[in-house]
Amino acid sequence: MSILIAVVTLSVIAALFGLLLGYASIKFRVEGDPVVEKIDALLPQTQCGQCSFPGCRPYAEAIASGEAPINLCPPGGETTMLALADLLGVEPVALDDEHDTEPTKTVVVIDEQTCIGCTLCIQACPVDAILGAAKQMHTVIADECTGCNLCIPPCPVDCIHITPVKVEPDTWRWPLPEQNFAAPRA
Amino acid sequence: MTEYAIILISTIWVNNFVLVKFLGLCPFMGVSRKLETAMGMALATTFVLTLSSVCSYLVNEYILAPLDLVYLRTIMFILVIAVVVQFTEMVVHKTSPLLYNVLGIFLPLITTNCAVLGVALLNVQEQHGFLQSAFYGFGASMGFSLVLVLFAGLRERIAVTDVPDVFQGNAIALITAGIMSLAFMGFVGLVN
Amino acid sequence: MTRTTHQLWHFHGGLKLPGEKHQSTGTPIARTELPRQLVIPVHQHIGETGKVLVNIGDRVLKGQALTQPTAYVSAPVHAPTSGTVKDIAEYPAPHPSRLSTLCVVIEADGKDEWIQLESRADYKKMSPADLRNLVRHAGIVGLGGAAFPTSVKLNPGPGHQIKTLIINGAECEPYITCDDMLMRERADEVISGAEIISHALNTAHCLIAVENNKPEAIAALNTAISDAGVDYIDVVAIPTIYPTGGEKQLIKVLTNKEVPSDGLPADIGIVMQNVGTAAAIYRAVFHGQPLISRIVTVTGKGITQPQNMEVLIGTPMSALIEQACGYQENADRLIMGGPMMGFTMHCDSLPVTKGCNCLLVETADQHSDENNAMPCIRCGECARVCPVSLLPQQLYWHASSKNFDQVQDYNLFDCIECGCCAYVCPSHIPLVQYYRFAKTEIWNRERDQQKSDHARIRHDFRQARLDKEKREREERLRKKKDMLEKKKQAEAADKNETEEDPKKAAIAAALARVQDKKAKAADAPKNTDNLTAAQQKQVDEANKRRETE
């Protein structure tokens with residue numbers, strides 16, 4: 001008899017709690033995933049696809065759902081990886097060996113002499129940074145170029161070249177002084 | 001009134017759950033790497049601990065005792081705690097998705113936080129009344145929050161210093177925790 | 001006018017440093033020889049770079065504008081002498097980055113021919129805005145070292161009534177004496193400049209702050225004030241503590257007010273200008289001369305004859321060293337600026353710029369090697385001397401481990417890079433360099449963030465556009481399909497009405513009719529009506545031929 005009471009009591013209470021949780025899950029339903037926005041804000045928006053996702057936002061979605069690691073973004077380098085680790089509270093993951101920890105920023109330049117005006121690069125550019133029309137010379141708006149290099153493969157005459165962004169005294173960065181004693185580890 | 005004050009002082013400093021009773025050490029080590037996260041965890045635990053100690057008191061007093069089912073106490077308390085944690089998780093997910101992401105696995109793990117079950121069981125053992133139970137739970141969580149935040153602050157600073165190689169990482173964190181514990185032992189005898 | 005005793009306050013920290021000023025004050029300000037070639041960097045100030053107005057091969061006159069300001073915070077540069085523009089290209093600039101910047105190279109013709117100069121001795125009739133414009137086009141920037149465009153500082157903005165103008169003659173850094181010598185020799189120019197600035201700011205109170213280790217300068221200023229007969233300018237002798245010449249520190253010493261962390265002195269009713277700037281404004285207003293020269297202290301233990309000299313902007317540093325009888329044997333490194341805040345130059349062929357107040361040559365035993373830094377021992381000396389009351393040690397820890405959020409929480413951007421903390425550090429840690437690293441890194445990240453936000457907007461816009469185009473294309477396709485479908489349906493409806501055989505018959509009949517018609521049309525010549533007899537005959541003959549063939 002006492003077993004019965006125990007079982008019934010437990011079942012009733014468990015059922016009550018279940019109802020409560022069921023109600024709460026409706027009441028506190030989360031629409032969309034706001035974390036994606038925050039991750040997307042940290043990515044460099046080159047839309048280059050080097051992470052194997054078609055653009056920065058899909059990669060952000062993949063990170064948020066835990067499908068992708070945080071070290072897949074070559075243009076962002078170590079900075080982006082550390083910022084993501086910080087945001088998500090996970091351990092930093094080393095970048096692939098083939099990628100620099102601090103990538104040099106580049107833009108592309110179109111060799112006007114060779115360009116045939118095929119507009120293929122214009123269609124490839126994810127940020128509309130290439131100006132031109134069919135059978136007219138094309139040119140890259142350097143300020144808008146993100147250095148994703150997506151315009152290079154479609155070019156039939158290989159007239160697009162990568163050039164590093166020039167460092168001006170105003171954009172120059174002081175180096176971190178060298179420490180030759182036991183360096184602190186972050 | 002004094003009684004409640006004494007309960008608070010006792011649970012926060014003298015019988016601190018983490019540093020004196022050594023309960024709830026997993027989140028203490030796990031989410032103390034960053035001050036921000038530690039504060040989030042402290043808030044969530046405060047909420048869960050207070051609510052679960054009140055709920056478990058009610059369950060024990062009005063369901064288990066009249067029905068003579070006190071032997072079901074542990075399993076019942078675990079049920080109560082699990083529900084409160086689930087509830088908290090939903091609330092946190094809704095109100096602060098980032099904190100939800102940052103706390104990650106540690107949020108559901110509050111369920112298995114020994115401090116929570118410890119508080120509920122100690123409440124019964126010490127035969128606390130309703131308000132006493134509430135204060136006991138609240139004080140315990142305040143004590144937990146205090147040392148968690150202190151420890152996170154210390155660890156943030158330790159992270160940027162030149163610690164000898166053999167002590168890098170968790171080693172120095174455990175040593176720090178030990179020294180903190182020694183410091184808290186100093187309160188022994190202040191109140192019971 | 002006698003000097004009134006002025007109550008003074010103290011700022012936190014600071015250092016008493018050995019002045020080393022007597023070395024370069026022995027001789028009056030020398031004039032330098034006109035160099036054969038001047039290299040004028042286009043960007044010598046804080047703010048936007050101006051637009052170059054001249055072309056290679058142009059002849060320019062002394063004082064002619066070489067650039068035109070492009071933004072509000074911008075300043076032009078002028079030709080320091082008459083000559084020919086030989087080149088407009090990138091040349092190494094005196095900047096810690098050792099990078100090159102766009103420079104205008106002028107080959108002097110030795111005539112030193114001025115442009116038409118216009119004196120505005122009647123400046124009191126000018127509106128503040130006109131005065132500001134005059135100062136702006138004279139290319140005047142803060143000559144204390146920061147090189148911030150002066151015209152911007154002369155505009156406190158609406159809602160800011162400037163109660164006090166402070167002319168900064170503190171010159172607190174060791175070795176530097178260019179302001180001291182200027183005040184001794186040209187006190188009248190400084191006073192006139194102060195009057196002009198007071199007029200531009202509509203201020204009735206002006207303080208000239210001079211450190212009490214420069215009694216000659218104070219005496220000269222007082223004489224000049226009584227000569228000019230102005231009653232609202234006071235010369236205040238202030239204690240010699242480094243960095244009392246810092247803007248916020250000097251305001252604290254003179255007024256006990258603190259400039260808000262993210263604010264400007266104008267927010268608390270104060271504007272500060274350097275004495276050199278005041279003299280330059282005097283020259284621009286009274287003589288119409290733009291800023292083409294400045295006084296530079298050439299000094300240090302590694303210089304044979306330390307002295308001050310008036311130097312044209314763009315003169316190579318080596319020419320100054322030569323005029324000071326060259327380097328001593330043990331000279332080790334050349335610093336632009338003072339020993340505390342200056343930058344080491346990698347060569348001496350760089351041009352003198354508007355912000356260059358001192359060339360210091362140190363000997364090898366004078367500076368500790370930066371690579372000899374020892375671990376921090378947490379003595380806290382740095383916090384004791386910090387004039388901004390920061391925690392340099394915390395800044396150091398967080399900067400060295402790249403915790404840029406925390407560095408900003410510790411108010412990195414209030415750091416004035418005075419170098420006090422590094423000076424007292426017993427472990428010789430180059431603290432300021434850590435702060436500079438963190439500052440430039442944070443700015444860089446902000447730029448990157450802005451750029452990526454911009455890219456995101458453009459990408460989203462493009463995506464939206466492509467989606468729209470796709471939708472429209474689909475819409476068109478769908479409409480076309482609908483139309484085809486309708487047509488088909490209509491035909492199908494026709495089909496249903498008639499039987500199959502009659503329809504085939506009808507089609508066949510129609511086809512036959514068409515063929516018939518075509519054949520007839522081919523057979524029947526069209527232009528055979530109304531023919532003359534001769535033509536008819538020809539046609540008949542042709543037809544006959546065709547039939548026989």
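Across which strands does helix α3 (residues 178-185) of chain C lie? In this predicted model, helix α3 of chain C lies across β12, β13 and β16 (358-363) of chain C, and runs at about 120° to β12(C).

**The mixed sheet of chain C**

Strands β12, β13 and β16 belong to an open sheet of 6 strands in chain C, in the order β1-β13-β12-β16-β14-β15, and the pairing in this sheet is mixed. Its edge strands are β1 (30-31) and β15 (343-345) of chain C, each of which pairs on one side only. Within the sheet, β12 (residues 293-299) and β13 (residues 307-312) of chain C run antiparallel and are joined by 6 bridges. One of the residues involved is C:S293, whose bridge partner in β13(C) is C:L312.

**The parallel sheet and its helices**

Chain C also holds an open sheet of 4 strands with parallel pairing, ordered β10-β9-β8-β11. Strands β10 (233-238) and β11 (270-274) of chain C each have a single partner strand, so one side of each is left without a neighbour in the sheet. From one strand to the next, the twist averages 25°. In this sheet, C:I167 stands opposite C:I208 in β9(C).

Two helices of chain C lie across strands of this sheet. Helix α4(C) lies across β8, β9, β10 and β11 of chain C, at about 150° to β8(C), while α7(C) lies across β8 and β11 of chain C, at about 80° to β11(C). The two helices, α4 (residues 187-201) and α7 (residues 275-286) of chain C, also pack on each other at an angle of about 80°, with their axes 7 Å apart. This angle makes α4(C) roughly perpendicular to α7(C), since 65 to 115 degrees counts as such. Among the residues that meet in this packing are C:V190, C:G193, C:A194 and C:I197 in α4(C), and C:A278, C:I281, C:Y282 and C:V285 in α7(C).

**Strand pairs in chain C**

| Strand pair | Direction | Bridges |
|---|---|---|
| β4 (residues 59-60) and β6 (residues 83-92) of chain C | antiparallel | 2 bridges |
| β6(C) and β7 (residues 100-108) of chain C | antiparallel | 9 bridges |
| β8 (residues 164-169) and β9 (residues 206-211) of chain C | parallel | 5 bridges |

In β6(C), C:T84 is the bridge partner of C:R59. C:I88 stands opposite C:V104 in β7(C).

**Nonpolar cores**

The largest nonpolar core has 130 residues, and those with the most contacts inside it are C:V190, C:I208, C:L221 and C:V296. At least three residues of this core come from each of domain 1 (22-120 + 127-361) and domain 2 (372-436) of chain C. Another core, of 72 residues, lies apart from it and includes A:C56, B:V31, B:I110 and B:V116.

Which residues does C:V296 contact, leaving aside its neighbours within four places in sequence? They are C:C178, C:M309, C:V311, C:L320, C:V352, C:C356, C:N357, C:C358 and C:L359.

Helix α1 (residues 2-27) of chain A packs with helix α4 (residues 73-95) of chain B at an angle of about 5°, and their axes are 10 Å apart. The two helices, α1(A) and α4(B), are therefore roughly parallel to each other. The contact involves A:I13, A:A14, A:F17, A:L20, A:L21, A:A24 and A:S25 of α1(A), together with B:L79, B:V83, B:Q86, B:F87 and B:M90 of α4(B).

Conventions
Residues numbered from 1 in each chain as written. Chains lettered and ligands numbered in written order. Predicted model: local features only at pLDDT ≥ 70, side-chain atom pairs only at ≥ 80, totals over all residues. Pairing = 2+ DSSP bridges. Contact = placed C-beta atoms within 7 Å. Axes fitted to C-alpha atoms, helices over the stretch in contact; angles between N-to-C directions. Core = buried A, V, L, I, M, F, W, Y, C linked by C-beta atoms within 7 Å. Buried ≥ 20, exposed ≤ 12 C-beta atoms within 10 Å, placed from the backbone. Domains from an automatic or database assignment. Parallel < 35°, antiparallel > 145°, perpendicular 65-115°, else oblique.
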